[in-house]
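Subject: The structure, and what turned up in it

Hi there,

Here is the structure I promised to pass on. Have a look at it first, and then read on for my notes.

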Amino acid sequence: ILLASPTDVGDFLYLVECKRFAQHNHVGVEIVRQLYGVVEAQRATAGIVVTTSSFSKPAQEFRGTVGTRMALRDYENLKLWIREARNNRAG
């Protein structure tokens with residue numbers, strides 16, 4: 001998913017990769033690294049990996065090394081994110 005967000009200071013481009021995994025099947029570091037490579041190649045603002053599962057420890061550690069250039073949203077984060085979006089739209 002390409003998510004463009006225009007702001008007063010310029011446009012932000014987020015690359016979003018969605019993974020529908022079983023709860024016990026964690027998203028591995030390879031997927032996070034691959035998206036990060038695409039983010040860099042496309043000169044996007046950041047990448048976001050969203051999953052119905054969760055992330056492996058190596059995936060979380062790698063995300064920590066790239067700072068704000070990558071975000072990880074697991075199932076619990078995803079539910080919260082959707083709730084906040086609905087509340088912002090309603091309010």
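This is a predicted model: local features need pLDDT of at least 70, side-chain atom pairs count only at pLDDT 80 or more; totals for chains, interfaces and linings use all residues.

Residues are numbered from 1 along each chain as its sequence is written, and side-chain values use heavy atoms, with hydrogens and water left out.

Back to Thr51, which sits in strand E3 (residues 46-51). Thr51 counts as buried because its relative accessibility is 1%, and buried means under 20% relative accessible area (1.4 Å probe, protein chains only). Leaving aside neighbours within four places in sequence, its contacts (heavy atoms within 4.5 Å) include Lys19, Phe21, Val27 and Leu78.

Now for the whole protein. There are three helices and four strands, arranged along the sequence as β-β-α-β-α-β-α. These are DSSP runs numbered from the N terminus, with helices (H or I) of at least four residues and strands (E) of at least two. The C-alpha trace spans about 40 × 35 × 20 Å along its principal axes, and 30% of the 91 residues count as buried. Among contacts between residues at least 6 apart in sequence, 55% join residues at least 24 apart.

The interior is worth a look too. A nonpolar core here is a set of buried Ala, Val, Leu, Ile, Met, Phe, Trp, Tyr and Cys residues joined through side-chain atoms within 4.5 Å. The largest one has 15 residues, and Val32, Leu35, Val39, Val49, Phe55 and Met70 have the most contacts inside it. Helix H1 (29-42), helix H2 (57-65) and strand E4 (70-73) each supply at least two residues of this core, with the largest share, five residues, coming from H1. A second, separate core of five residues includes Val16, Ile48, Val50 and Ala71.

Finally, Phe55 from the largest core touches residues including His26, Val27, Gln60 and Leu72, not counting those up to four places away in sequence.

Best wishes

Note on methods: Buried means under 20% relative accessible area, exposed over 50%, partly exposed in between (1.4 Å probe, protein chains only).
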